[in-house]
Amino acid sequence: FEVKQAQSRVIHIVSLDQLRTIMLDDNDRLERHLLLCFFTPSIESVVNDDIVFPYPFAGMSPQSIWWEDILQTASIRFYRSNELTRYFNIGSGDEMTEPVFVFAKRGAMLGEILDREE
């Protein structure tokens with residue numbers, strides 16, 4: 001039950017604009033910690049069935065705290081390079097054999113995740 005609950009709460013991101021709209025405050029800083037998972041359809045079963053992303057980082061914690069109040073999990077499923085994968089320096093989908101995870105702290109600007117200017 002806990003794994004299914006966590007997986008039902010992950011946000012599916014399809015564009016950089018969507019990520020900015022969902023996660024950035026009025027000062028263009030992350031409102032919460034962020035954990036992204038990039039993957040292609042060929043390894044989607046690894047992400048969902050083996051790793052069971054985003055469990056245990058979504059849903060209700062054993063301490064009765066909603067993870068989403070602290071950390072937002074998001075998945076980016078892609079076929080080939082796109083705006084999001086280029087922004088985060090993720091290789092082309094043809095080369096991907098395992099998922100790539102990106103973590104960012106609350107209060108950071110997106111460009112700070114990769115140490116670059118926005």
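Is arginine 9 buried, partly exposed or exposed? Select arginine 9 in this predicted model and show its surface: arginine 9 is partly exposed, with a relative accessible area of 33%.

Stop 1: Glutamate 68 counts as buried, at 11% relative accessibility.

**Stop 2: arginine 32.** Stay with glutamate 68 and look at its backbone oxygen, which lies 3.1 Å from a polar atom of the arginine 32 side chain. Arginine 32 sits in the loop between helix H2 and strand E2. It is buried yet has no salt bridge, and the nearest side chain of opposite charge, glutamate 31, is 4.4 Å away. Now select glutamine 72, whose side chain makes a polar contact of 2.9 Å with that of arginine 32. Other residues in contact with arginine 32 include Ile22, Met23 and Arg106.

**Stop 3: helix H2.** Pick leucine 16 in helix H2, buried at 5% relative accessibility. Its contacts beyond four places in sequence are Glu83, Leu84, Tyr87 and Leu110. Next, select aspartate 17 and arginine 20, which form a salt bridge with closest N and O atoms 4.0 Å apart. About one helical turn separates the two, because they are three residues apart in helix H2.

**Last stop: glutamate 44 and arginine 77.** Their salt bridge has its closest N and O atoms 2.7 Å apart. Glutamate 44 belongs to helix H3 and arginine 77 to strand E3, 33 residues apart.

Technical notes:
Residues are numbered from 1 along each chain as its sequence is written. This is a predicted model: local features need pLDDT of at least 70, side-chain atom pairs count only at pLDDT 80 or more; totals for chains, interfaces and linings use all residues. Side-chain values use heavy atoms; hydrogens and water are left out. Helices (H or I, at least four residues) and strands (E, at least two) are DSSP runs, numbered from the N terminus. Buried means under 20% relative accessible area, exposed over 50%, partly exposed in between (1.4 Å probe, protein chains only). Lys and Arg count as positive and Asp and Glu as negative; His and the chain ends are not counted. A polar contact is a pair of N or O atoms within 3.5 Å; within protein, one must be able to donate a hydrogen and the other to accept it, and residues adjacent in sequence count only if both atoms are side-chain atoms. Contact means heavy atoms within 4.5 Å.
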